[in-house]
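Here are my notes on this model, written as numbered points. Please have the viewer open while you go through them.

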Amino acid sequence: MNRSEVTEKVKLLMAEKGYFGDEPTEETTLDDLGWDSMDYAEIQMNIEKEFFISPKDAEWEHARNVGQWIDVVMKHVKVD
């Protein structure tokens, strides 16, 4: 799986959750999405299920924008 495929799937999961404003880019901060902590936990679990990964909580906590979330996923998936 390459970064483009991961990005597409992550954005799809985010869209299913819903967000405020324009479609997120990799530079979109998590605060820009208008989610609360429960929303973050839910989308993280959905991402983990979709990609069959189990990042440490600290990895998610240090990710501050969509691109960094994608980086977390890329670190744990098999790359083409």
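1. First, the conventions. Helices (H or I, at least four residues) and strands (E, at least two) are DSSP runs, numbered from the N terminus, and the expected span of a helix is 1.5 Å times one less than its number of residues. The model is predicted, with pLDDT of at least 70 needed for local features and 80 or more for side-chain atom pairs, while totals for chains, interfaces and linings use all residues. Residues are numbered from 1 along each chain as its sequence is written, and side-chain values use heavy atoms, leaving out hydrogens and water.

2. Let me start with α2, residues 37-51. This helix has 15 residues and spans 21 Å from its first C-alpha to its last, close to the 21 Å expected at 1.5 Å a residue.

3. Which residues of α2 are buried? They are Asp39, Tyr40, Ile43, Gln44, Ile47 and Phe51; buried means under 20% relative accessible area, exposed over 50%, and partly exposed in between (1.4 Å probe, protein chains only). These residues sit on the same side of α2 because they cover an arc of only 130° around the axis, taken from the directions from the helix axis to the C-beta atoms. Met38 and Lys49, on the other side of α2, are exposed.

4. The buried residues of α2 pack against α1 (3-17), α3 (57-62) and α4 (66-76), where contact means heavy atoms within 4.5 Å.

5. Now both ends of α2. At its start, a side-chain oxygen of aspartate 36 comes to within 3.1 Å of the backbone nitrogen of methionine 38. Just after α2 comes phenylalanine 52, with a positive phi of about 55°. Phenylalanine 52 lies in the loop between α2 and α3 and is exposed, with a relative accessible area of 77%.

6. Glutamine 44 deserves a look of its own. This residue of α2 is buried at a relative accessible area of 17%. Leaving aside neighbours within four places in sequence, glutamine 44 is in contact with Trp60 and Trp69. Tryptophan 69, not counting residues up to four places away in sequence, touches Leu30, Trp35, Tyr40, Ile43, Gln44, Ile47, Trp60 and Ala63.

7. Last, the core. A nonpolar core is a set of buried Ala, Val, Leu, Ile, Met, Phe, Trp, Tyr and Cys residues joined through side-chain atoms within 4.5 Å. The largest one has 21 residues, and those with the most contacts inside it are Val6, Val10, Ile47, Phe51, Trp69 and Val73. At least two residues of this core come from each of α1, α2 and α4, with α4 giving the largest share, six residues.

Key
Polar contact = N/O pair within 3.5 Å; in protein donor to acceptor, adjacent residues only side chain to side chain.
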